[in-house]
Amino acid sequence: MDRGGAGATSLGIFPQPVADSRPTLDFVVIGAPKAGTTSLFEYLRTHPQVHLPKWKETNFFLDPTYQRGVEWYLDWVLSDAPAGAVCGEASVRYMAGTPYSVPAGTEPSGGSQERDDDQVERILPRRIHEALPGAKLIAILRDPVERSVSEHGMASLRGEEQRDLAEAMRESLRADRLEAARESFSTTTCYLVQSEYGRILAPFFELFGKDRILVLFTADLAEQPRAVVQEVCRFLGVADDFTPPNLGVRYLEGAAKPRWWFLDMPRFARFMKRSSLLRGIWRRLPAGLRQRVWSSSFAVEKWNRAAPEKDAGRRIDADLEATLREHFRADRERLVDLTGLEPPWA
């Protein structure tokens, strides 16, 4: 499990704050969605040398939030960070492969109407690198077939997906659907393309370099959570002899429906986005109040996810699974070339 690092740092040697120093964002958990990032986030939050916001999914580098500017982002994430802490945030959609829409100026020159895939896939990595050139990145990856199935379950949970699992997967495999989703996806077209880890991570490795990206696997977090947390601590340069009090707790695992529909935070957030009146009221609230509301809504979201009935609607037949694994085979090899690691899936 141990792939090297800077060695243990004693908890007694806490970095001494520098007078008038302003906290900086030292690391970002970039994804992947439905891969155990919430559990990792909750473990790291308990470390005395690490500061994380009380919520996940700032999603700053996605459109349209990105237009608010880097200063807004840093103030929002670091507003209550103590001096000397190692600060980070976690937004799994940074491993989206595209910022949902392609901003003006990214089209190929010369008047061509064709989209430049290579440049589009670099938009999010480039934004993060320009804003946080010294940051470290953490990616945790799940078996791509399992992740795709779980993403379908989440879309069904939120009432956005009406197709059954097999139909949605087979339609997503069509070449034209794959091409369109890699350019600009929706919550019901992202299932497969957000599991193409080698394609998505390649621009991050080019910009940040191998030494500043830690790639983990969901299976390891489930089977060896303490070893994974220690590895992350060494990567971040904080004490690795710390054991989170919540170690082993699985957050949002297998969530398939809300306990109470009236507490369904994602549904309420989508409603707010459609209402210009509610958006205006929200933006006029004091920043401190908005942060408290945001963190409280994240806590409600974690509590309100009920586990599904066993395997309800989440099984795929052997032929379809084999087709999906064949689809991801080349991307797996690309991931091996990037990381030097053998993923724990075929």
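**Rings and charges in a predicted model**

Reader: Where does lysine 136 lie, and at what distance from the ring centre?
Author: This is a predicted model, so take the geometry as computed. Lysine 136 is placed over the face of a ring, that of phenylalanine 235. From the ring centre, the distance is 5.1 Å.

Reader: What kind of pair do the rings of phenylalanine 60 and phenylalanine 61 make?
Author: By the ring-pair rule, the count comes to 11 aromatic pairs. For phenylalanine 60 and phenylalanine 61, the centres are 4.8 Å apart and the planes sit at 75°. Planes over 60 degrees apart get their own class, so this pair is edge-to-face.

Reader: And is phenylalanine 60 buried or exposed?
Author: The cut-off for buried is under 20% relative accessible area. Phenylalanine 60 comes out at 0%, so it counts as buried.

Reader: How is the aromatic pair of phenylalanine 60 and tyrosine 66 classed?
Author: Centre to centre, phenylalanine 60 and tyrosine 66 are 5.5 Å apart. Their planes make an angle of 50°. That falls between the limits of 30 and 60 degrees, so the pair is tilted.

Reader: Which residue has its charged end over the ring of tyrosine 66?
Author: Tyrosine 66 has 22% relative accessibility, so it counts as partly exposed. Ring pairs also link Tyr66 into a cluster with residues including Trp55, Trp72 and Tyr94. The charged end over its ring, 4.1 Å from the centre, belongs to arginine 127.

Methods: Residues are numbered from 1 along each chain as its sequence is written. This is a predicted model: local features need pLDDT of at least 70, side-chain atom pairs count only at pLDDT 80 or more; totals for chains, interfaces and linings use all residues. Side-chain values use heavy atoms; hydrogens and water are left out. Rings of Phe, Tyr and Trp (its six-membered ring) pair if their centres lie within 6.5 Å; planes under 30 degrees apart count as stacked, over 60 as edge-to-face and the rest as tilted. Buried means under 20% relative accessible area, exposed over 50%, partly exposed in between (1.4 Å probe, protein chains only). A charge sits over a ring if NZ of Lys or CZ of Arg is within 6 Å of the ring centre and within 35 degrees of the ring normal.
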